[in-house]
Amino acid sequence: MFGQQKDLDLFHYIIRVPKEQSSFTYFTLESNEGLCFYSTLEHEKGQLYRDIDIKGSLDFQEDVDHILEMLSKSFSIKFLKKETIQDR
């Protein structure tokens, strides 16, 4: 229906990764283009970790979960938030 907004459920994660692994995490998410959107949350200089905000369609949640599971075999990934939200 043209002109009407439809509510869309999204998965929303905030993960914490070691600073030295953050670039590889970004690269991996980016190389799987279209599965999710991500951004780095503000951090203080000298922090040893980066918090990454990830959002995406529930259709791709299983794929993103698999990627994060595989990455967690190489380095620590801590989930600070794991929820379903609505996007308009």
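This section describes the fold, the surface and selected side-chain pairings of the protein.

The model is predicted: local features need pLDDT of at least 70, side-chain atom pairs count only at pLDDT 80 or more, and totals for chains, interfaces and linings use all residues. Residues are numbered from 1 along each chain as its sequence is written, and side-chain values use heavy atoms, with hydrogens and water left out.

The protein contains four strands and two helices. Both kinds of element are DSSP runs, numbered from the N terminus: helices are H or I runs of at least four residues, and strands are E runs of at least two. Along the sequence, the elements follow the order β-α-β-β-α-β. Along the principal axes, the C-alpha atoms fill a box of roughly 50 × 25 × 20 Å.

Contacts were counted between heavy atoms within 4.5 Å. Of the contacts with a separation of 6 or more, 79% join residues 24 or more positions apart. Burial was judged by relative accessible area, with a 1.4 Å probe and protein chains only: under 20% is buried, over 50% is exposed, and values in between are partly exposed. By this scale, 33% of the 88 residues are buried. The accessible surface comes to about 6400 Å². Carbon and sulfur atoms contribute 49% of that surface. These areas come from the Shrake-Rupley method with a 1.4 Å probe; for residues, only the protein chains shown count as cover.

The protein carries 11 positive and 16 negative charges. Lys and Arg count as positive, Asp and Glu as negative, while His and the chain ends are not counted. Each charge is placed at NZ of Lys, CZ of Arg, CG of Asp or CD of Glu.

Salt bridges were assigned where a side-chain nitrogen of Lys or Arg lies within 4 Å of a carboxyl oxygen of Asp or Glu. The count is two. One joins the side chains of Arg16 and Asp51, at 2.7 Å from N to O. Arg16 lies in strand S1 (residues 8–18) and Asp51 in strand S3 (residues 49–57), so this pair ties together parts that are 35 residues apart in sequence. Arg16 is partly exposed, at 24% relative accessible area. Asp51 is buried, at 12%. The other salt bridge links Lys55 and Asp53, whose closest N and O atoms are 3.0 Å apart. Here Lys55 is partly exposed, with a relative accessible area of 30%. Asp53 counts as buried, at 10% relative accessibility.

Not counting residues up to four places away in sequence, Arg16 touches Tyr49, Arg50, Asp51, Ser76, Ile77, Lys78 and Leu80. Arg16 and Ile52 are 36 residues apart in sequence, yet their C-alpha atoms are 6.4 Å apart in space. The pairing of the Arg16 and Asp51 side chains is also a polar contact, at 2.7 Å. A polar contact is a pair of N or O atoms within 3.5 Å; within protein, one atom must be able to donate a hydrogen and the other to accept it, and residues adjacent in sequence count only if both atoms are side-chain atoms.

Arg50 is found in strand S3. Arg50 is buried, at 10% relative accessibility. Its contacts, leaving aside neighbours within four places in sequence, are with Ile15, Arg16, Val17, Lys19, Ser22, Tyr26, Thr40 and His43. A polar contact of 3.3 Å joins the side chains of Arg50 and His43. The Arg50 side chain also reaches the backbone oxygen of Gln47 at 3.4 Å. Between Arg50 and Thr25, 25 residues apart in sequence, the C-alpha distance is 10 Å.

Gln47 sits in the loop between strand S2 (37–40) and S3. Gln47 is buried, with a relative accessible area of 18%. Its side chain reaches the backbone nitrogen of Glu44 at 3.0 Å. The side chains of Gln47 and Tyr49 are joined by a polar contact, likewise of 3.0 Å.

Thr28 lies in helix H1 (residues 19–31). Thr28 is buried, with a relative accessible area of 13%.
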